[in-house]
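I opened my notebook beside the model today and jotted down what I looked up. Here are the entries, in the order I made them.

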Amino acid sequence: MSDKVLVPLAQGCEELEAVTIIDILVRGGVQVITASLDDNKIITASRGVQLVAQKTLSEIVDDVFDMVVLPGGLPGADHLNNDQRILSILQTTVEHGGISAAICAAPKVLVSAGLLDNKNATSYPGVIDIAPAPGMKYTNQSVVQDGQIITSRGPGTAMDFALALLEQLKGKAVRMQVEQALVRA
């Protein structure tokens, strides 16, 4: 695997989640590509922090990724959910053996893409627990992996989520190396 990861950045995304995901994966040696949904590469996140995407989604829509990770936040997750290209990229990633992951409010996008059918999953309280996918089992765990799908609860679980993503891509040793350098304990 070339460890090529897409992190789509929607207007109104949760900045703590987006930055944590990107930072942890880059620290682990993963190639992360950020893409805005429209032609504006400057993203105003949910708390007003400005992020700059490397690409636009239209520039990379036909690329194949090892993993696609959706930060949550509102209205960011709604913008992701309303973009058919995102749903298609998530489905294509899984079809090609990759991983689709989402945190906070963004697991609703996985529901729309049909990727949480008959899966164990989590999200920010009040998101997919009240509008589950068919056969989905909701849990309150911080991070839930079920096959090629990984979900997490919110800003407070962003580091655990990002480290789980890194471990999935690079293995436990790289995760431990990155985690140790963060001085979490």
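**Charge and rings.** I began with K4, whose charged end sits over the ring of F65, 5.1 Å from the ring centre. For this I required NZ of Lys or CZ of Arg within 6 Å of the ring centre and within 35 degrees of the ring normal. I then searched the whole structure for aromatic pairs and found zero. A pair here needs ring centres of Phe, Tyr or Trp (its six-membered ring) within 6.5 Å.

**Ground rules.** I noted that this is a predicted model, where local features need pLDDT of at least 70 and side-chain atom pairs count only at pLDDT 80 or more, while totals for chains, interfaces and linings use all residues. Residues are numbered from 1 along each chain as its sequence is written, and side-chain values use heavy atoms, with hydrogens and water left out.

**Overall form.** I listed seven helices and 11 strands for the chain; these are DSSP runs numbered from the N terminus (helices H or I, at least four residues; strands E, at least two). The C-alpha trace spans about 40 × 35 × 35 Å along its principal axes. Why call the chain's radius of gyration that of a compact globule? With 185 residues such a globule would have a value near 16 Å, and the chain's 15 Å agrees. The radius is taken over C-alpha atoms, and the rule is 2.2 Å times the number of residues to the power 0.38.

**Helix 6 and its partners.** Helix 1 (residues 15–27) packs on helix 6 (residues 158–170) at about 35 degrees, with axes 9 Å apart. I used axes fitted to C-alpha atoms over the stretch in contact, with angles from 0 to 180 degrees between N-to-C directions. Helix 6 also meets helix 7 (residues 172–181), where the axes come within 7 Å and cross at roughly 140 degrees.

I found a cis peptide bond from L74 to P75, with omega near 10 degrees. P75 lies in the loop between strand 6 (67–70) and helix 3 (76–81). C104 has phi near 70 degrees, a positive value in a residue other than glycine, and belongs to the loop between strand 7 (99–103) and helix 5 (107–112).

Key: Rings of Phe, Tyr and Trp (its six-membered ring) pair if their centres lie within 6.5 Å; planes under 30 degrees apart count as stacked, over 60 as edge-to-face and the rest as tilted.
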